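This report looks at charged side chains that pair up, and then at one residue with its neighbours. Please have the sequence and the model open while reading.

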Amino acid sequence: MPQTPPQGGGFPATPTQQPAHHQAPSAQPPNVQSQEGQNIGAQNMGTKKLGVQNMEAQNLETQNLGPQNPQTQHQGDQNQGISSAPPPQLVSRHISPHAEHRPMRLNGPRPTKPQGPLLPHVKTVIAVASGKGGVGKSSTAVNLAVALGMEGLKTGLMDADVYGPSVAHMLGLHTKPEAKAGILQPIEAWGVKAMSIGLLVNPDEALVWRGPMVMGAITQFLGDVNWGALDVLVIDMPPGTGDAQLTLAQKIQLGGAVIVSTPQDIALIDARRAIRMFEKTNVPILGVIENMAYFTCPHCGENSELFGHGGARQEAEKQDVPFLGEIPLVVEIRSHADAGTPLVAKAPDSPAGQAYRRIARQLAASLTQTVRPSR
């Protein structure tokens, strides 16, 4: 029956005055729609898909943000469908059964129990990191990985920069990886096995993901990619000191971190923060690289110190960590990256190519106790 408004004001009833049949809001997480660019936290599994458009054969989809019952999740997997071929499903191999955020769904059976540690056949893992963006971290990671391969090490390159993946383009990769029995197969280029989220999504689309989705994708790249036997896995980290860095430090035993910085004070402040973060997570600092140390004029060959010079070396001395070397700012680094041909492979005897190779030899030498080239 309709209720009579209260006397003297007509204000709506407060929550304590609501009728008994009023239902409290559900504790289940609400759907996040267009405000955040993705449909996460779906209340009914199998009816909502991640707001990443044009995923084609990969069809990255979300999971419920809350804890899930494995049986319910399996039923949801069966109910999820798309208009094209059967949707790939994710194999949660090597992952704790409590890991709920798994944005990539690959074809294959889903194991019910973890099957061992992550990266069991990888001898060591190197994180290439920076405190801020724009210092050339990704180009350094790509050229170092290729240079380590040239030193005789079986090398993999994992792009953990989910929001700004550039490794695939710098390696000239445009083929989508295959999923066999629920495991992604890395693509080999320039002697390096590579995997990047950029290979799975439309290059014109942005991944608007919350932290748990990023952590889930990185965890999948560690456990659901067939890296095989590697001497070293180089990980191109996202800039900053956030979820991705903490996830890697917690999930795997990092052999060390390489910090990339430009010489100016603003970049060095953030590089110092990156060093502190890895120290707090007990990850050894293998060294600091000064990128864009000087600009070499392509016409006259004269060097100009556009961002200053020697700042990263001085910071490494202050922090009592190794200084690995300087990389010049030359047009060829940019042009080769744009063309998908790493400079160290195409012009190994150029000044920049030699600089990358010197640093790679130092890294290989610092890891000789744990890494011996596979034959």
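The side chains of Asp-236 and Lys-137 form a salt bridge, with 2.8 Å between N and O. A salt bridge here is a side-chain nitrogen of Lys or Arg within 4 Å of a carboxyl oxygen of Asp or Glu. Asp-236 belongs to strand S7 (residues 230-236) and Lys-137 to helix H2, so the pair ties together parts that are 99 residues apart in sequence. Helices (H or I, at least four residues) and strands (E, at least two) are DSSP runs, numbered from the N terminus.

The model is predicted: local features need pLDDT of at least 70 and side-chain atom pairs count only at pLDDT 80 or more, while totals for chains, interfaces and linings use all residues. Residues are numbered from 1 along each chain as its sequence is written, and side-chain values use heavy atoms, with hydrogens and water left out.

Lys-137 also forms a salt bridge with Asp-161, where the closest N and O atoms are 3.9 Å apart. Lys-137 lies in helix H2 (residues 137-150) and Asp-161 in the loop between strand S2 (155-159) and helix H3 (167-170), so this pair ties together parts that are 24 residues apart in sequence.

How many salt bridges does the structure hold? There are nine. Another of them joins Glu-151 to Arg-361, with the closest N and O atoms 3.7 Å apart. Glu-151 sits in the loop between H2 and S2 and Arg-361 in helix H10 (residues 351-366), so the pair links distant parts of the chain, 210 residues apart.

Are these residues buried or exposed? Buried means under 20% relative accessible area, exposed over 50%, and partly exposed in between (1.4 Å probe, protein chains only). The table gives values for some of the residues.

| Residue | Relative accessible area | Class |
|---|---|---|
| Asp-236 | 0% | buried |
| Lys-137 | 6% | buried |
| Glu-151 | 27% | partly exposed |
| Arg-361 | 40% | partly exposed |

Asp-161 is buried as well.

Leu-254 is buried, with a relative accessible area of 4%. Leaving aside residues up to four places away in sequence, Leu-254 touches Val-125, Ala-127, Leu-248, Ala-249, Phe-278, Val-283 and Pro-284; contact means heavy atoms within 4.5 Å. From Leu-254 to Ile-235 the separation is 19 residues in sequence and 9.9 Å in space, C-alpha to C-alpha.
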